[in-house]
Amino acid sequence: MVRPALRRRAVDYLVTHYGTSQRRACRVVGQPRRVQRYRSVKDPQDGLRKRMREIAEIRVRYGYRRIHVLLRREGWQHGQCAIRRIYTEEGLPLRRKLPRRRKMAVTRQERFRPNAPGQAWAMDFVSDQLVRGQRFRALTIVDVFTREALAIEIGIRLRAEHVIAVCNRMALQNGPPKRVFVDNGSEFTGRLFDLWAYHHRVQIDFSRPGKPTDNCFIETFNGSLRDECLNTHWFESIDDAKQTIEAWRRDYNESRPHQALNSNSPANFARQARLSGIQQSPQTAGD
């Protein structure tokens, strides 16, 4: 069953490209003329549509749910269904369709789930390049419970000693975690990082080879960092990259809504957790 709106477009196409009359085009398509000539008297919501396009252009990774949260914060009193309808009409859901992966029934040991801020960190590296082609790396550290980006360290070459320096800085601010989730990179499997973990009584949880989903929280965060920041900016220097990425990190913590946190921002969720002593773990899926 073809909707009247699609039939209306088909009638307009026949009239424009083939020069036929509207009466004949309606008869060919099967569209009543009164439906073809009808014009809606509803409010077109031009202001809302313009604001949604502005948010979608800046927040390239946001879907209609996150856009709805931001609009509610700004005072728009529209429901999620209305936002979804307008979001679709404006052609904003331009998302890549990834192939479905086969799921295998494999039992695995239950992993550590934090129930308070600061109990577990996840960290990994991301690489990018400057305008002149010079490569640089970024060490990302995320609090697993609050989804808060604790630090993004930028450097041309980041080795184990740089990882230790960042971890020491984070430990002085918030205390060391009970566990860290990392992959099998040389920066994390070396003696320096092992000594740091032993000194602070931190347990290292390595990902299984070829299983990046074991560290899904940092992988999801790095995907957001690349789509929303690295792929949308040209960095002229290391200092420029540091300033731009740090500004994005603060915006990520303070304003980005997360479905796993009940559409709350990571920083606000962390503040509420520390004040009320929340002992409930958010959803296990990365956001």
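How many salt bridges does the count come to in this predicted model? The count comes to 16 salt bridges, where a salt bridge is a side-chain nitrogen of Lys or Arg within 4 Å of a carboxyl oxygen of Asp or Glu. Residues are numbered from 1 along each chain as its sequence is written.

**View 1. The salt bridge of D251 and R59.** The side chains of D251 and R59 meet at 2.4 Å, N to O. D251 belongs to helix α11 (residues 238-255) and R59 to the loop between α4 (46-58) and α5 (64-74), so the pair ties together parts that are 192 residues apart in sequence. Helices (H or I, at least four residues) and strands (E, at least two) are DSSP runs, numbered from the N terminus.

**View 2. The open sheet.** Five strands, in the order β3-β2-β1-β4-β5, form an open sheet with mixed pairing, two strands being paired if DSSP finds at least two bridges between them. Because β3 (149-155) and β5 (203-206) stand at the edges with a single partner strand each, one side of each is left without a neighbour in the sheet.

**View 3. Strands β2 and β3.** Strand β2 (residues 135-143) runs antiparallel to β3, and six bridges join the two. I141 stands opposite A151 in β3.

Key. Predicted model: local features only at pLDDT ≥ 70, side-chain atom pairs only at ≥ 80, totals over all residues. Heavy atoms only, no water.
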